[in-house]
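Thanks, everyone, for making the time this morning.

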Amino acid sequence: MEEMKKKRILSGIQPTGTFTLGNYIGAVRNWAVMQEQFECLYMVADLHALTVRQEPAALRAHTREAAAMLLAAGIDPARSILFVQSHVPSHTMLNWVLCCNTQFGELSRMTQYKDKSAKHPDNVNAGLFTYPCLMAADILIYNADLVPVGGDQKQHLELSRNIAQRFNNTYSPTFTMPEPYITKAGAKIMSLQEPTKKMSKSDTNANSFILMTDTPDQIMKKFKRAVTDSEGVVRADSENKPGVTNLMSIYSVFTGKEFSRIEAEFAGKGYGDFKEAVAQSVIDTFRPIQEEYARILADKAYVDQVLKDGAAAAARIADRTTAKVYRKVGLLQL
Ligand code: TRP
């Protein structure tokens, strides 16, 4: 019997700071699980981070920390390829060709570009504009079948598909059409202070997000201060009770309990007990990851070796695609 070939997954995360609870639930946690089923490539997208001004030393530190956190959260370098985007130069080589095959109008329609250029009017750089072409290169260079992305990256993935299809039609079939891979539960975690806004580490109010490196004390305090409502009933209703519903989502992810069970558990109890239970579930889940993280990060040589091996393995795949594309578009090869 012919063995089923595993589907290939590629995903990336920017090293713009310590990962939040939202990053953990929306991405990191799923990345570890997907290793069971797929051939996975996971990338620390340091080049994408440059589209916003970074403090060089901080970017360097955050890149290694991001890799260490991914390892601590269960990414297994024996099964998956973990690497840093800038360590595989082929991405930027393919990026150029894709830039030349993407229209100004298409890039102008990207909502993230519009949002980010409004937020940083002093630095509307060309990289910010062509960001989706680099992301398309990241994906297409590995012929990824599936790309796990959150809502904010869906439009970019859609554009990657358009770029792939156009290239395949213009030249000849080259790229696999990537599909979005949507994970079900707890996709979007909201701010603890303004629960109609996504949780973000760039929020000016540090009480609005939980970092994966927060101490148990910090986690407990932030949850106790979380914005809820005056009804005093633990009940899911994302429209009228976004704060409570967000806390229920978090609790559900960390305990595996359904909403109805959570409602029953806290029937007749106040938000105080509820918030404490949510915080405790996060503290308990993060504790072993934080211990692993501290241990791994202390061994820089180990992290760097994983990243070197990862870059070499990634480059073996990526360089072949780039060579093929360069030949197809007519660049002279000697
Ligand atoms: N742009 C993504 C983000 O900010 C990160 C990223 C870069 C990515 N390249 C990717 C995600 C390729 C998926 C696939 O979240």
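What volume does the second largest cavity have? Bearing in mind that this is a predicted model, the computed volume of the second largest cavity is about 40 Å³. Its lining is made up of Q112, Y113, K116, L128, Y131, P132 and H156, and the helices α6 (111-119) and α7 (126-140) each contribute at least two of the lining residues. Sorted by class, that lining has four nonpolar, two polar and one charged residues.

Now to the largest cavity, which holds about 50 Å³ of space; the search over the whole structure finds two cavities of 30 Å³ or more. The residues that line the largest cavity are G17, T18, F19, H62, E65, A66, M69 and Y293, and helix α3 (residues 56-72) gives the largest share of that lining, with four residues. Here the division by class is four nonpolar, three polar and one charged.

Let me move on to the strands. Strand β1 (residues 8-13) is mostly covered, with five of its six residues buried, and it pairs with strand β2 (residues 39-44) in the parallel sense, over six bridges.

Definitions and conventions: Residues are numbered from 1 along each chain as its sequence is written. This is a predicted model: local features need pLDDT of at least 70, side-chain atom pairs count only at pLDDT 80 or more; totals for chains, interfaces and linings use all residues. Side-chain values use heavy atoms; hydrogens and water are left out. On a 1 Å grid over the protein atoms alone, a cavity is a set of points where a 1.4 Å probe fits but cannot get out, and a pocket is an open set with protein on both sides within 12 Å along at least five of seven lines; lining residues have an atom within 4 Å of a point. Grid points are joined across faces, edges and corners, and a volume is the space filled by probe spheres set on the points. Ala, Val, Leu, Ile, Met, Phe, Trp, Tyr, Cys and Pro count as nonpolar, Asp, Glu, Lys and Arg as charged, and the others, Gly among them, as polar. Buried means under 20% relative accessible area, exposed over 50%, partly exposed in between (1.4 Å probe, protein chains only). Two strands pair if DSSP finds at least two bridges between them.
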